[in-house]
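Please look at the structure below with its sequence beside it.

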Amino acid sequence: AGTLMAGKRGLIMGLANDKSIAWGIARAVAAQGAELAFTYQGEALEKRVRPLAASVGSDIVLPCDVADEASVDAAFATLEQRWGRLDFLVHAIAYADKQYLRGRYMDTPRDAFLQAMDISCYSFASVSRRAVALMPEGGSLLTLTYLGAERVTPHYNVMGVAKAALEASVRYMAVDVGDRNIRVNGISAGPIKTLAASGIGDFRYILKWNQYNSPLKRNTTIEDVGGAGVFLLSELGSGVTGEVLHVDSGYHVVGMKAVDAPDI
Ligand code: NAD
């Protein structure tokens, strides 16, 4: 435990269960003294999120479906009532119909494309606009992305295209709010076995591939992402904005492996 984030209040969006990347970040920032609020999507998740929130001392647990403007407004109205201000926001939300996380990207129908873009990309700008209004003294906004935004990875398809737009959003938003001392960054996490990831075709193979071929020779954990989250959300990251930080055991630097790579 430390005090790097003592006195800071943050909203964590996208907690589903204790495997969620949002949980890795929440636990790490709470261990540094941050006070937290959470949103969850859909009643089914409330019973999972409430006890997790309680375990890090939070009783602010609000429903929020980012596809529904009224729901987002209601969550931020309650948050404003409870806290009045905010220091940081974690956006750990993505969705695409898993029917299209296989096969050819170019076969994605318009409605599935727009839904993936809406929930996985537009929502970061939409919730950030409301968060920034509660940050008169500066703050830090963080989202989660994946290598499939930069290069083609198996089955990521429409989600890769949405993540590319999300990473561009990080850069545009960094300029939008930089003069208010608000920083905007993304973490590009290596593959982690979560609820969302289970929708991606051949995910077990993708995990193995990354384990064998990354410089660190292991998969990324939610604790790895939590550590980077503390950096970007605290004053440690005070000079960093518009950045996409890879937390992936170094996998993104590898072009090709030598012949002694183990067979998989
Ligand atoms: P997760 O399933 O634990 O979290 C995804 C969250 O998105 C869930 O809490 C879900 O409720 C929420 N969500 C979906 N649609 C929503 C909506 N309409 N409104 C509000 N919330 C909604 O999975 P995760 O892997 O922890 O995902 C968190 C983020 O990390 C996502 O952006 C994901 O793309 C990203 N990411 C994941 C990996 C990985 O391998 N797991 C790698 C890189 C990036």
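Around the ligand lie 27 residues, of which the closest are S20, A94, T194, L195 and A196; a residue is near the ligand if its C-beta atom, placed from the backbone, lies within 6 Å of it. Helix 1 (21–31) and strand 5 (139–145) are the elements that give two or more residues to this shell. Helices (H or I, at least four residues) and strands (E, at least two) are DSSP runs, numbered from the N terminus. By class, the shell has 21 nonpolar, five polar and one charged residues. Ala, Val, Leu, Ile, Met, Phe, Trp, Tyr, Cys and Pro count as nonpolar, Asp, Glu, Lys and Arg as charged, and the others, Gly among them, as polar.

Residues are numbered from 1 along each chain as its sequence is written. The model is predicted: local features need pLDDT of at least 70, side-chain atom pairs count only at pLDDT 80 or more, and totals for chains, interfaces and linings use all residues. The protein chain has a mean pLDDT (the predictor's confidence in each residue, from 0 to 100) of 97, and 98% of its residues reach 70 or more. The scores of the model are ipTM 0.99 and pTM 0.98.

Helix 1 also packs against helix 7 (residues 222–233): their axes come within 7 Å and cross at roughly 55°. Axes are lines fitted to C-alpha atoms, for helices over the stretch in contact, and angles run from 0 to 180 degrees between N-to-C directions. Helix 1 and helix 7 are therefore oblique to each other. Angles under 35 degrees count as roughly parallel, over 145 as roughly antiparallel, 65 to 115 as roughly perpendicular and the rest as oblique. The residues that meet include W23 and R27 in helix 1 and E223 and L233 in helix 7; contact requires C-beta atoms, placed from the backbone, within 7 Å.

Helix 4 (residues 110–132) and helix 5 (residues 157–177) pack with their axes 9 Å apart, at an angle of about 20°. That makes helix 4 roughly parallel to helix 5. Among the residues making this contact are F113 and F124 of helix 4 and K163 and L166 of helix 5.

Terms used. Contact = placed C-beta atoms within 7 Å.
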